[in-house]
Amino acid sequence: MKQHKTDRRSQRTYRLVSSAFAELVGEKPYDEILVQDILDRANIGRTTFYTHYFDKEDVLNSIIELEVERLTRQLSHAVARRRILPSLELFEHVYHSENQQFRAPMRSRAGEFLWEALQTALCRAIEPALYTLCAEKRSPPTPLPVVSEYLAGALLTLLKWWVAADMPYLPEQMESIFQQLALPGVWTMLKKM
């Protein structure tokens, strides 16, 4: 992304482009979206667009970057509360997203980049929590980076299903379901230490 400007007009442009992009991703495949489609939907000129972005991939990356940054702040609260897995925070973040800028890419091929970024962010949050929990014990039978990848992957798989199913359960219910499905094995492994 080009250098992010903070003046009001630039912020307005970022909002318009992000919103237009999210709407378009909800309507047609990512590969079929043209910069001209974004310009038309956002009602901005080509010069304005290229002042802020390089191309449509840059728009997608800026949305992902912003959402992962927001999510990382929320995940840090779970770590501060000494929880291994920030599952509730993740479900709440998606559920309370006020617009489609986050949800729409999740439902499309464009979401592949988002899912990869979320996997990385989750592993970064989970692994230190596991190390803290195991700090005074002997080595775990399963390497903690493997456990971290497993938990992040399981959580994201469940999250994908939940989003695709139009979130039929509340975040608290999803967190409870995830805890019941994924954590018993992890707790058993940690008890063996």
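Which residues form a nonpolar patch on the surface? They are Trp-161, Tyr-169, Ile-177 and Leu-181, with about 400 Å² of accessible area together. A patch takes residues with over 30% relative accessible area and no salt bridge, joining like charges within 9 Å and nonpolar side chains (Val, Leu, Ile, Met, Phe, Trp, Tyr) within 5 Å. A salt bridge is a side-chain nitrogen of Lys or Arg within 4 Å of a carboxyl oxygen of Asp or Glu. Areas come from the Shrake-Rupley method with a 1.4 Å probe, and for residues only the protein chains shown count as cover.

Before going on, the basis. This is a predicted model, in which local features need pLDDT of at least 70 and side-chain atom pairs count only at pLDDT 80 or more, while totals for chains, interfaces and linings use all residues. Residues are numbered from 1 along each chain as its sequence is written, and side-chain values use heavy atoms, with hydrogens and water left out.

Now the chain as a whole. It has nine helices and zero strands; these are DSSP runs numbered from the N terminus, with H or I over at least four residues for helices and E over at least two for strands. Of the 193 residues, 45% are buried, where buried means under 20% relative accessible area, exposed over 50%, and partly exposed in between (1.4 Å probe, protein chains only). The accessible surface is about 10,600 Å², and carbon and sulfur atoms hold 51% of that.

Ile-177 sits in helix α9, residues 171–191, and is partly exposed at a relative accessible area of 31%.

Helix α7 covers residues 111–134, which is 24 residues. From first C-alpha to last, α7 reaches 34 Å, close to the 34 Å expected at 1.5 Å a residue; the expected span is 1.5 Å times one less than the number of residues. Buried residues in α7 include Trp-115, Leu-118 and Cys-134.

Next, an annotation. The unreviewed UniProt entry marks residues 34–53 as "DNA-binding region"; positions follow the numbering used here, feature names are shortened, and annotations may be inferred rather than shown by experiment. That span is 75% helix and 0% strand, with its end C-alpha atoms 13 Å apart. Leu-34 lies in the loop between α1 and α2 and is exposed at 51%.

Last, backbone angles. Most residues other than glycine have a negative phi. Asn-43, in the loop between α2 and α3, has a positive phi near 60 degrees. Asp-166, in the loop between α8 and α9, also has phi near 60 degrees. Asn-43 is exposed at 69% relative accessibility, and Asp-166 is exposed at 54%.
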